[in-house]
Amino acid sequence: MKPTPPPAARPTAAELDLLQVLWQLGAADAKAVHEALLPERPDASYATVLRQLQVMHSKGLLSRDESQRPQVYAPVHAQDKLQQSLVRDFIAKAFAGSGKALVLAALKSHVSAKERAEIRQLLARNGDET
């Protein structure tokens with residue numbers, strides 16, 4: 001398996017929706033992606049999904065197997081690698097490069113008490129908590 005190139009293009013919100021579907025399904029044709037997307041976005045037409053997949057392919061976000069019909073699309077980047085890249089960019093831009101500032105902001109308003117307990121356990125297991 002060849003190494004995955006670093007993410008070049010930044011996906012839009014709509015492109016991230018399609019990437020989520022493809023990460024869940026694996027390689028798929030436009031019809032399968034459209035059908036999987038419908039519960040979350042019932043207004044999405046097949047033509048729109050197909051066009052978006054084509055645009056994502058041209059941006060380098062997706063690979064396309066043209067040896068078969070219908071063509072099959074697959075994410076170029078693994079989910080965790082793309083997420084790490086997006087978070088790294090977000091931290092640099094929104095938090096002046098401070099991961100700590102991001103975590104503190106998230107802990108203030110986006111983490112439940114149960115999730116906080118799980119985070120404490122994770123930190124304790126890894127020996128990062130004093």
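How are helix 1 and helix 3 oriented to each other? Helix 1 and helix 3 pack at an angle of about 90 degrees, with their axes 11 Å apart, and they are therefore roughly perpendicular to each other. The model is a predicted one, in which local features need pLDDT of at least 70 and side-chain atom pairs count only at pLDDT 80 or more, whereas totals for chains, interfaces and linings use all residues. Residues are numbered from 1 along each chain as its sequence is written, and side-chain values use heavy atoms, with hydrogens and water left out.

Some terms need their limits. Helices (H or I, at least four residues) and strands (E, at least two) are DSSP runs, numbered from the N terminus. Axes are lines fitted to C-alpha atoms, for helices over the stretch in contact, and angles run from 0 to 180 degrees between N-to-C directions. An angle under 35 degrees counts as roughly parallel, over 145 as roughly antiparallel, 65 to 115 as roughly perpendicular and the rest as oblique.

Helix 1 has 13 residues and reaches 19 Å from its first C-alpha to its last, close to the 18 Å expected at 1.5 Å a residue (the expected span is 1.5 Å times one less than the number of residues). Its buried residues (under 20% relative accessible area; exposed is over 50% and partly exposed in between, with a 1.4 Å probe and protein chains only) are Glu-15, Leu-18, Leu-19, Val-21, Leu-22 and Trp-23. These buried residues of helix 1 pack against strand 1 (28-29), helix 2, helix 3, strand 2, strand 3 and helix 4. Gly-26, which follows helix 1, has a positive phi near 90 degrees.

Helix 1 and helix 3 pack at about 90 degrees, and their contact (heavy atoms within 4.5 Å) is made by Glu-15, Leu-18, Leu-19 and Leu-22 of helix 1 with Val-49, Gln-52, Leu-53, Val-55, Met-56 and Lys-59 of helix 3. The residues of this contact divide into 7 nonpolar, 1 polar and 2 charged (Ala, Val, Leu, Ile, Met, Phe, Trp, Tyr, Cys and Pro count as nonpolar, Asp, Glu, Lys and Arg as charged, and the others, Gly among them, as polar).

Ala-9 and Lys-59 are 50 residues apart in sequence and 6.2 Å apart in space, C-alpha to C-alpha. With a relative accessible area of 14%, Ala-9 is buried.

Helix 3 (residues 46-59) is also approached by helix 2 (residues 30-37): their axes come within 9 Å and cross at roughly 120 degrees. That angle makes helix 2 oblique to helix 3. The contact joins Ala-30, Lys-31, Val-33, His-34 and Leu-37 of helix 2 to Tyr-46, Val-49, Leu-50 and Leu-53 of helix 3. By class, this contact has 7 nonpolar, 1 polar and 1 charged residues. In the loop between helix 2 and helix 3 lies Ser-45, which is partly exposed, with a relative accessible area of 31%. Ser-45 and Val-111 are 66 residues apart in sequence and 35 Å apart in space, C-alpha to C-alpha.

Between strand 2 (62-65) and strand 3 (72-75), the loop contains Pro-70. The peptide bond from Arg-69 to Pro-70 is cis, with omega near -5 degrees.

Helix 4 (residues 79-94) has 16 residues and reaches 22 Å from its first C-alpha to its last, close to the 22 Å expected at 1.5 Å a residue. Leu-82, Ser-85 and Ile-91 are the buried residues of helix 4, and what covers them includes helix 1 (13-25) and helix 5 (99-109). The axes of helix 1 and helix 4 come within 11 Å and cross at roughly 150 degrees. That makes helix 1 roughly antiparallel to helix 4. Leu-16, Leu-19, Gln-20 and Trp-23 of helix 1 make the contact with Gln-79, Leu-82, Gln-83 and Leu-86 of helix 4, giving 5 nonpolar, 3 polar and no charged residues.

The loop between helix 4 and helix 5 holds Ala-96. Ala-96 has a positive phi of about 50 degrees although it is not a glycine, and at 75% relative accessibility it counts as exposed.
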